[in-house]
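Good morning, and thank you for the time. I would ask everyone to look at the sequence and the model on the screen before I take you through them.

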Amino acid sequence: FRNNKGSLFDILNKESFREGLKKLWKLKKNYKICLFCAEEDPLECHRFLCVGAILKLKGGIEIVNLLSDR
């Protein structure tokens, strides 16, 4: 989202983003899935902001920050 490289809206509207979510829904039917991000602060992570919000809202998937002090 920095240096005019796009916005959250731009990412959410990409076909590749939607296709990736479709793959996750398919995998979720038969497997337990765990996604990781290396950002220390989840609010600085585009994956948390994009994917995490959608997974929680539409998929009822729990989002957990592994750092206990956050």
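This is a predicted model: local features need pLDDT of at least 70, side-chain atom pairs count only at pLDDT 80 or more; totals for chains, interfaces and linings use all residues.

In helix α3, the buried residues are Cys50, Val51, Gly52, Leu55 and Gly59. Buried here means under 20% relative accessible area, exposed means over 50%, and partly exposed lies in between, with a 1.4 Å probe and protein chains only. These buried residues of α3 pack against α1 (8-12) and α2, where a contact means heavy atoms within 4.5 Å. Helices are DSSP runs of H or I with at least four residues, strands are runs of E with at least two, and both are numbered from the N terminus.

Residues are numbered from 1 along each chain as its sequence is written, and side-chain values use heavy atoms, with hydrogens and water left out.

Let me stay with α3. Its 14 residues reach 18 Å from the first C-alpha to the last, close to the 20 Å expected at 1.5 Å a residue; the expected span is 1.5 Å times one less than the number of residues. Where is the kink in α3 centred? It is centred on Gly52, at about 30 degrees, the bend being the angle between axes fitted to the seven residues ending at a residue and the seven starting there. Just after α3, Gly60 takes a positive phi of about 60 degrees.

Leu49 also belongs to α3. It counts as partly exposed because its relative accessible area is 32%. Leu49 and Leu8 are 41 residues apart along the chain, yet their C-alpha atoms are separated by 8.1 Å.

I turn now to the largest pocket, which holds about 850 Å³ of space. A pocket is an open set of points on a 1 Å grid over the protein atoms alone, where a 1.4 Å probe fits, with protein on both sides within 12 Å along at least five of seven lines; lining residues have an atom within 4 Å of a point. Grid points are joined across faces, edges and corners, and the volume is the space filled by probe spheres set on the points. Of its 27 lining residues, Leu35, Phe36, Glu62, Ile63 and Val64 lie nearest the centre. Which helix gives the most to this lining? That is α3, with 5 residues.

Finally, the protein as a whole. It has 3 helices and 0 strands, and follows the pattern α-α-α along the sequence. Buried residues make up 13% of its 70 residues.
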